[in-house]
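This briefing takes up a few local features of a predicted model.

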Amino acid sequence: MKLKQFQLKNGLKVLFVESHKSPVISIQMWVRTGSADEKKKEEGISHFIEHLVFKGTRKYGLGEIASAVEGAGGELNAYTSFDQTVFYVTVSKTFSKTGLSVISEMMGYPTFDAQEIDNEREVVIEEIKRGEDSPHRKASQLLFSTAYNKHPYGIPVIGYDKNIRELSPKKIKKFFQDRYAPRNMFLVVSGDFESPEMKKNVEEFFGGFKDYKVRKIKRTAEVAQKSPRHAYLHANFNESLMYAAFKIPSVKHKDIPALDVLALILGQGDSSRLVHRLRIEEPIANSVGAFTFSPMDQGVFALSAGFQIKNLSQLLDGFLIEIEKILTQHPTSEEMQKAITNLASEQVYSLETVDGIARKIGHLEFYMRDPKYFPKYLKSLYKLKPNDIVKAARKYITAKTLNFVLTTNGQEVICRQEMKRFTDRLKEIEKKTKNVKLKNTQFKVKALKTSALNKETPIENKIFNLPTGTKIILRHQKDTPTVSMRMAFMGGLRIEDKEKTGLSELMARTWLAGTKNHSEQEINNRIDSMAASLGAFSGRNSVGLSMDFLSHYEKPMVHLMEDVFLNPNWGDQVLNREREILHHQIVSKHDNPAQVTIAQFMKFLFGEHPYSRETWGDEETIKNIDVHDLQQYYRQIRSAANMTICVVGDFDQKYWHHKLTELSEKIEKGSRLEKNLPVEVLPQEIKVFKKLEREQSHLVVGYRGLTLKDNDRFALQVMQSILSGQGGRLFVELRDKNSLAYSVSPMRMEGIETGYFGAYIGCSPEKVEKAIQMIHQEFDKLMQTPVGRDELERAQRYIVGRHDIDLQRKSAVCNSILFDSVYGLDPLETFNSTEKYFSITPDDIQKLAKRIFSQKAVTSLVGSRAPQGFIEV
C-alpha cells in the first residue's frame, strides 16, 4: 500500500493510496470543521450544511448529484462529528471522474437555494425527532452534556430544532465560505487508479477552488473537573442504559495506547473482564463494554451497559470489583497479547475495502497530521508492559473526574442512591489501592504476523459435491491475508413448532457456550486472542456457523471450529442465561418502533405461515424450550446432506478440503431438510395500528413478494433500485421534494414459499396520511407508466455497482456464495449477474409491478395516532 501526497496551489492537501485488488475507488473529502467549531446560535449548522450541499450546485440540480453517482454504479454519503465533516463517494474506477466531479461541486460550488434550505429544514427536524425516539442517542447525549459543561462536545452534533428553523441562507453561506476553504480540507483517494493520471484529474476538478481565508475558531475550554457528576434521565424505554465515564487527554497524548489496551481488557470481546463477569457468568447486563473516546480535545474513558433496572445494584457491584482488580493487579501476559493483537489487526482488516483504506488514512491525517502514523502507534503498543496499564487506570479512573449518567423508566430515588453508592465506593477503592505496590512482570509482546499482499495470484473457485451429500465451495483469493468461512444447514424458523418459536435463535446463542473439550471461557479466550470471530447464526430458513480470521491463525481456528461443530455441550445454566437475555430483548423491542412496525407487517401479511412469527419467539414460546429441545433440534439439522460450506480468502486449499471432507464423514449422512408449507391467499386489504407514544410514526406499506427462485427476482431487484438510493423515486419525491421524512426506503424479502415487497418511512404523525398516499402513488406509477430508459439504466448501474462494492469484503462474498447454494441456486450466480440485470426491460418492470401491486396491501403503522380506517391491535 503506497501513499503519495501533494498540495494544490490553493492549499488543498491531497493523499493517494493505490490498491489494485478491486476495480473500485473511494474519494473522501475531510473538512477540518465539526459541530465543536460552531458559535452560539449556530449549533447544528455543520450538520445542516452536510445535508444542503447535496441539494444542488452550479452544475447539478435537485437530485442530480445522487443520480449521477448512482447512475455510475456508485454510492455517496456524508457524516458530521464533533471534530470533522466527511463527504465520500465509492464508485467503479471507470467512473472516477464522476466521483471527482460530484465531490468538487459539493465542496466548491453549492448553491444554497433558499427554497431548498427551507425544504431541508423539515428533513433535519425529522432526524432530530428520530433521535428523540432512540434510547442510545438519548443516553449518549446525556453523557456528553454531563461530561462537558463548557466545551462544545456537550452540545449535540445535530444541533437544536430552533436553530435549524432560524438559520438564514446568508449565515449558512458565510459559515461555509469561512470553514470549507481548501486549506481547511484534504482529499483522500484510494483504490484502483494510476497516480499520474489521477493527479491531473484532481487538479482539473479541485484546482479552481478559491483560496479563501479560514476563519479561526477558538473552542471554549472545559473547566477542570474536580468532583463527580451524576445525571439521571427518565426515559420511556424498556431497557436502561448507563455510562460511567472518566476524563482522559486528547488523541495525541502518550497515554492513549495504554488506555486503548485497558478498554480491550475490560470490555471488548466475550473474553474481556466485564463481559465475562456481567454477561456470561450471570445475565446481569444485556450488553456491557468499555471504550476510549479520544478526539482532538479532552476525551473520556467509558464503561457502559444496557440492562434491566432491577439488576442495577448487581451491575454496579460487578463494575466496582473489576475496577478494584485493575487498580491492584496487573493484566496477565495473555490479556496484554490479546489486546495488542486486536488493535494491530485493525490495519489488516481495513485493507479489505477502498473505503476502509481511505477512512484509516483520513483518520490519521486528520487527528495526527500524519497519514503514516500507524506504525508509530504500533511501536507504542509494543512497548507497553502490564504495569503501564495499571498506572493508566490509576491515573484516569478517579472519582473526581467521574461522569455517571443513567437513563431508565422510573425508580429515580433508588437510581440516585445507587449512583452515590458507586461513587463513594470508588473513592474508597482509590484510597485503598493508591499505595499498593506493583510487582515487576516480564512480558514480551509477539508482533502480529501477516503475509504480504499478493494481487497477482488469480482467483480460483472450486466446487465439491462430496459422497456424503455435503457441498463445499472454495474461493481462493490472496489479495489480503484474511479468511471467511460460512457453514449453513436448512432449518430455522420454518421447521420450528409454533409453541416453541425461538428455538433456532436459542440454539444459535448457546451453540458456542462450551464443548466436551473446552469451556465457554476457553473458547472465548482463543477466539479473541487471534483477533478473530466465530459465531452461530439463525434465520427464517437456515442456521449455521460463521468464522472470520487472519490467515496466520488458520489451523488453530479450524481446530476450534471443528470442536464446536462436533462436540457442543448444552446445559441448563447457559440456556437459562440466554433465555433471560432474550426475554429482556423481547420486552425491550418497543424501544425500536421501526422493528415493531415490520414485525407487525409480517404477522398480518403471512397469516399462518411461519414467516408471520418473529425469529426471537415471544415471552411464552421461549419458556417452552429446554436443553432436550436444543439437542434434538441440532440432531435434526446437522447431517452431511443438509450441510453447505463456503470458504473465501487466503487459505490452504488442500488442508481445508481434507478437513471439511473429514468433518462431513464424522456426522450422519441424513437428508436435506425440505418441505413445502402452505401460503394462504390474503383475503382483503389490512390496515393495522399499534399505539406507541413516540415523536415519530413508523409506517410500512407492502405486498406479498417473490420466492428465492422466482424468474422475476432480477427484475424485482432492479425495481427496488428504481425506488431506492438518494436518486431513487421514494427519496426524491417523499424526502427531497416533500420533506416528509429523514428515512424512507423500499424493502424486500424473498423466501422459500413467498416473500414481501414494500416501503418503509419514519415521519411525524401529521404526515402519515400523505406518506401513505405518496407511497401508493409511486407504486401506481410503476404499474401505469413504463420506466424511461435513462432511469432504468441508472437503476441497473446502481445495483451492479453496489454489488461490486459490497463484494470487496470476503464475508459478503462468502455469504452470497453460501446462501445461493443453500437455496438451490448457482453458487457463482453473484459473479455472473450483471448481464441479467442489464437484460431487464421497461416492460419487465411494468409487468412485475402489476403482478405485485395489484394484490391486497398490508399497511402497518406504529405511533401515537392513526388516520381513519386502521384497526388498533
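The residues that line the largest cavity are Leu264, Ile265, Ser271, Ser272, Arg273, Glu335 and Lys338, and the volume that they surround comes to about 30 Å³. The model is a predicted one, and the points below are grouped by topic.

**Cavity**
- The count of cavities of 30 Å³ or more comes to 1.
- Helix 9 (256-267) and helix 12 (333-350) each contribute at least two residues to the lining of the largest cavity.
- Sorted by class, this lining is made up of 3 charged, 2 polar and 2 nonpolar residues.

**Cysteines**
- Across the whole structure, the search for disulfides returns 0.
- For Cys646, the closest cysteine sulfur is that of Cys814, at 3.7 Å, which is too far for a bond, because a disulfide requires the two sulfur atoms to lie within 2.5 Å.
- Seen from Cys814, the closest cysteine sulfur is in turn that of Cys646.
- Cys646 counts as buried because its relative accessibility is 0%, and Cys814 likewise has a relative accessibility of 0% and counts as buried.

**Glu505**
- Glu505 is placed in helix 17, which covers residues 503-510.
- With a relative accessibility of 13%, Glu505 counts as buried, because this value falls under the 20% cut-off.
- Apart from neighbours within four places in sequence, the residues in contact with Glu505 are Glu496, Ser538, Leu582, Thr615 and Trp616.

Conventions: Residues are numbered from 1 along each chain as its sequence is written. This is a predicted model: local features need pLDDT of at least 70, side-chain atom pairs count only at pLDDT 80 or more; totals for chains, interfaces and linings use all residues. Side-chain values use heavy atoms; hydrogens and water are left out. Helices (H or I, at least four residues) and strands (E, at least two) are DSSP runs, numbered from the N terminus. Buried means under 20% relative accessible area, exposed over 50%, partly exposed in between (1.4 Å probe, protein chains only). Contact means heavy atoms within 4.5 Å. On a 1 Å grid over the protein atoms alone, a cavity is a set of points where a 1.4 Å probe fits but cannot get out, and a pocket is an open set with protein on both sides within 12 Å along at least five of seven lines; lining residues have an atom within 4 Å of a point. Grid points are joined across faces, edges and corners, and a volume is the space filled by probe spheres set on the points. Ala, Val, Leu, Ile, Met, Phe, Trp, Tyr, Cys and Pro count as nonpolar, Asp, Glu, Lys and Arg as charged, and the others, Gly among them, as polar.
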